[in-house]
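Trainee: I would like to go through this model before planning any work with it. Can we take it question by question?

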Amino acid sequence: RRTVRPSPRARAWGPRSREGVGGFVETPTFYPYLSGELNLRTFADLRRLKRPEWFVVAAHPFFPHPTCLRHRLLEEIDLFDGIEWSHFYTPRLDFNRRAIRLARELGLPLVGSSDSHLPRQFGTTYSIVEAEPTVEAVLRAVRKGQVRVVSRPLRLREWSAIMFGLALGWQRGRAGRWLPRRVGRCGAVG
């Protein structure tokens, strides 16, 4: 399994640009981020470079984050093979509802993802695909809609802990070296 990390250049652009892709481009490994190697910066780039073996998923398209597609998903829907059902929701706060409705209206498969940035996110939402254990077979099955999303809403405490962890990671990335790598119980540095 190959993991592609975001390049600094891929992080630099985003929805501020009219043509910026914003959402992440999925390849057969399902959740690698944009690859600087492909020089994929715009929807036009994706349209030109997209290969038949790729499976492009609109990642949490209606979430209120600057990198999410929102209305651009409808404008560029021909580029997407599926729509993500994200783990990051509660019974009352669920930005997946619109994505689920759109996927069903358009006949696109929903792909469950924990979009894990933190260990506690694993297993909260995932996809079950009945297929041989090869990339080609799995993608063929997902394209045919032979995928089942398993998910449960997060409790408010879980949602808050994940949000705090993500914010801390973001701040750590911005702060550089001066912020400790591990913070234990009661703020003790590990």
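Trainee: Which helix has the highest confidence, and which the lowest?

Mentor: This is a predicted model, and the protein averages a pLDDT of 75, with 68% of the residues at 70 or above. Confidence is lowest in helix 1 (residues 8-12), at a mean of 34. The highest value, 96, belongs to helix 4 (residues 96-106).

Trainee: Over which residues does pLDDT stay under 50, and how many contacts beyond four places in sequence does the model have there?

Mentor: Where pLDDT is low, the predicted coordinates should not be read in detail. That caution comes before any use of the contacts. The stretch is residues 1-35, and the model's contacts beyond four places in sequence number 76.

Trainee: Which strands do the buried residues of helix 5 pack against?

Mentor: Helix 5 spans residues 135-143, and its buried residues are Ala137, Val138, Leu139, Ala141 and Val142. After the helix comes glycine 145, with a positive phi near 80 degrees. The packing partners of the buried residues are strand 3 (110-113), strand 4 (125-129) and strand 5 (147-151).

Trainee: Is aspartate 94 buried or exposed?

Mentor: Aspartate 94 sits in the loop between strand 2 (82-86) and helix 4. Its relative accessibility is 17%, and the cut-off for buried is under 20%. Aspartate 94 therefore counts as buried.

Methods. Residues are numbered from 1 along each chain as its sequence is written. This is a predicted model: local features need pLDDT of at least 70, side-chain atom pairs count only at pLDDT 80 or more; totals for chains, interfaces and linings use all residues. Side-chain values use heavy atoms; hydrogens and water are left out. pLDDT is the predictor's confidence in each residue, from 0 to 100. Helices (H or I, at least four residues) and strands (E, at least two) are DSSP runs, numbered from the N terminus. Contact means heavy atoms within 4.5 Å. Buried means under 20% relative accessible area, exposed over 50%, partly exposed in between (1.4 Å probe, protein chains only).
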